[in-house]
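Subject: Model handover

Hi,

Here is the model we talked about passing on. Please load it before reading the notes.

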Amino acid sequence: HVKEDSRQSAKNSEALQALKALYKGVRGRLVDLCIPEERYRNAVTVALGKNLEAVVVDTTETALGCVRYLKEQRLVSMTFIPLNNVQGRPVDDSIRTFGGTCKPIADVMKFDVSLEPAIRYAIGQAL
């Protein structure tokens, strides 16, 4: 099973590299684009959930082109988050007043500000 997972991971990586070469708007996997504080790494992984491996792209058109390419080449399927077409609620400031180690997930990650719509979409109001 581990061998199968590493093979799948290699296929995903190769497909992503091909997409990056073909489309300049492919940013990368969400998990690779944000860096959690070490002590919150597991919480961030859980909060990202199904979007952990999602590929962030600049536009819906880029996402559609990527899907088309993956189908034509009979490569792995991927989930795409187009920055121009995602919405997520910003963190409610009242949540930040809870104190202690209870923090909004968005506050314990470093990421490029241009990725904020994708991050908000993926994690929502998670603490």
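Ground rules come first. This is a predicted model: local features need pLDDT of at least 70, side-chain atom pairs count only at pLDDT 80 or more, and totals for chains, interfaces and linings use all residues. Residues are numbered from 1 along each chain as its sequence is written, and side-chain values use heavy atoms, with hydrogens and water left out.

Sheet

Helices (H or I, at least four residues) and strands (E, at least two) are DSSP runs, numbered from the N terminus. Two strands count as paired if DSSP finds at least two bridges between them. Three strands make an open sheet, ordered β1-β3-β4, with mixed pairing. β1 (26-29) and β4 (80-82) are the edge strands, each pairing on one side only. From one strand to the next, the twist averages 20°. β1 pairs with β3 (residues 55-57) in the antiparallel sense, over three bridges. In that pair, V26 stands opposite V57.

Helix α4 (residues 60-72) packs on this sheet and touches β1, β3 and β4. Contact means heavy atoms within 4.5 Å. The direction of α4 makes about 155° with that of β4. Axes are lines fitted to C-alpha atoms, for helices over the stretch in contact; angles run from 0 to 180 degrees between N-to-C directions.

Cores

A nonpolar core is a set of buried Ala, Val, Leu, Ile, Met, Phe, Trp, Tyr and Cys residues joined through side-chain atoms within 4.5 Å. Buried means under 20% relative accessible area, exposed over 50%, partly exposed in between (1.4 Å probe, protein chains only).

The largest core has 20 residues; L30, L48, M109, I119 and I123 touch the most other members. α3 (41-48) and α5 (116-123) each supply at least two of its residues. The largest share, four residues, comes from α5. Beyond its neighbours within four places in sequence, L48 is in contact with L30, C34, A122 and I123. Another core, of 13 residues, lies apart from this one and includes L19, A63, Y69 and L70.

Helix α3

Which residues of α3 are buried? They are V44, A47 and L48. Seen down the axis of α3, they fall within an arc of 95° (taken from the directions from the helix axis to the C-beta atoms), so they line one face of the helix. On the other side, N42 and V46 are exposed. The cover over the buried residues of α3 includes α2 (30-33), β2 (34-36), β5 (109-111) and α5. Just after α3, G49 has a positive phi of about 45°.

Best wishes
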